[in-house]
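Subject: Structure for your review

Dear colleague,

Please find below the structure that I am handing over to you.

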Amino acid sequence: MQITWIRGKAFWLMLLCTVMIMGTGLTASAAAGLRIRLDHGNKSSWTEGIQIPTVTVNDSEKTPEWSKDPDDWEPGKKVTATLRVPGTFTNSDCAVYGGTLISAKAEDGESVIKVSYIPVAKLEAPEKAGWSDASKTKASWKKVPYAHRYQIVLYKEGGIWVKSLTTSSNHVDLLQYMEDGQKYYYTVKAILKDSSEEDYLKEGEMVTSDDSVIQVLGETEGAWAEYKNGKKYRAEDGSYATSCWKMISGKWYYFNNEGYAATGWQYLGERWYYLGSDGAMMTGWQQINGKWYYLNPDGDMATGWIQPQPGKWYYLYPDGSMASNATIDGIYPVDSSGLWAEK
């Protein structure tokens, strides 16, 4: 009886050891499985710009190797994350959330897991929303990265809704919705192109134009007539403008003594002005015949030192052209963009 019991005990000890050895192998193998999560939150918590997901494997945070530098990511354009984890795993052992499994392969005692991910982003709020210097009827703002469309709402003073519209450009002329002598402002936000972008883009915050304008349109009821030597404007009463400035539909024009709208450089009232090919007076920075000029809000050409933006100084020669790669008065250096490089 004693011999039989010892033999039986040995059998059970051998069986227990076998199970323990098998169990040890299973803890580093597919039996445990992998839960891989790429967590970028949900649309209500997205912040402006591209989202880089937090990656965890079985609740342990990992730093993957990305197929493309996150600075170069684009919303909706797939990227690949490569993860290395100890143990041997196959595709069937991996559960992926927030991405798509590409492959799982054993390599030198570990497994190389590749997962695809589609970057997401909340569109930024438009910056510098205001009115064009050249035309106070034109709303303009800085382009928003990844945005293909914008929604604009025009208001009359007092919050009176006038018009809602969308555009693929970062500017739009609102002249046709404005009345002479009324004050206007607008709101703008970056929106999705269509529903196909909903999974990886969220529309941006709305901003209000940084100023309001009292719209002065001038003449609006007359008609333009084209002639061999240019174009003339006939007012509603049948008269033609001659030797004078005239505002027509929110833009200034100068008509010579023959009634034609002048174009190009014009010396008027001891000041230089530049009128575009359509005769409209130009303002702001303009590149003309390869040189840069700055035309004041009233249209006259600037000379000398100017500061069109806070802290940014430029020098314009007596002929109005901007200095670049030069030293002014032997003291003040300006770079290739014309900006004074203060030291």
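Predicted model: local features only at pLDDT ≥ 70, side-chain atom pairs only at ≥ 80, totals over all residues.

Nonpolar cores. The largest nonpolar core comprises 44 residues, and Ile36, Ile113, Trp141 and Tyr186 have the most contacts inside it. At least two residues of this core come from each of the strands β1 (34–39), β3 (54–57), β6 (79–86), β9 (110–117), β13 (149–156) and β16. Leaving aside residues up to four places away in sequence, Ile36 touches Thr56, Val57, Leu83, Cys94, Ala95, Val96, Tyr97, Ile113 and Val115. There is also a second, separate core of seven residues, among them Tyr233, Tyr253, Ala261 and Ala280.

Aromatic pairs. In total, the structure contains 25 aromatic pairs. One of them joins Trp131 and Tyr186: the ring centres are 5.1 Å apart and the planes stand at 90°, so the arrangement is edge-to-face. Because Trp131 belongs to strand β11 (residues 130–131) and Tyr186 to strand β16 (residues 183–191), this pair ties together parts that are 55 residues apart in sequence. Trp131 and Tyr186 are both buried.

The pair of Trp285 and Tyr314 is likewise edge-to-face, because its planes meet at 70°, with the ring centres 5.2 Å apart. Here too distant parts of the chain are linked: Trp285 lies in strand β26 (residues 284–288) and Tyr314 in strand β29 (residues 312–316), 29 residues apart. How accessible are the two partners, Trp285 and Tyr314? Trp285 has a relative accessibility of 28% and therefore counts as partly exposed, whereas Tyr314, with a relative accessible area of 10%, is buried.

Further aromatic features. Trp265, Tyr267, Trp272, Tyr274 and Tyr293 together form one aromatic cluster. The charged end of Lys231 sits over the ring of Trp224, at 4.2 Å from the ring centre. For Lys232, the charged end sits over the ring of Tyr240, at 5.9 Å from the centre.

Cavity. What does a search of the whole structure find in the way of cavities of 30 Å³ or more? The search finds one. The volume of the largest cavity is about 30 Å³, and its lining consists of Gly49, Ala121, Lys122, Leu123, Glu124, Pro145 and Tyr146.

Yours sincerely

Definitions and conventions. Residues numbered from 1 in each chain as written. Heavy atoms only, no water. Phe/Tyr/Trp six-rings, centres within 6.5 Å; stacked < 30°, edge-to-face > 60°. Helix = DSSP H or I, 4+ residues; strand = E, 2+ residues; numbered from the N terminus. Buried < 20%, exposed > 50% of the residue type's maximum accessible area, 1.4 Å probe, protein only. Lys NZ or Arg CZ within 6 Å of the ring centre and 35° of its normal. Core = buried A, V, L, I, M, F, W, Y, C linked by side-chain atoms within 4.5 Å. Contact = heavy atoms within 4.5 Å. 1 Å grid on protein atoms, 1.4 Å probe; cavity = no way out; pocket = protein on both sides within 12 Å on 5 of 7 lines; lining within 4 Å. Points joined across faces, edges and corners; volume = space filled by probe spheres on them.
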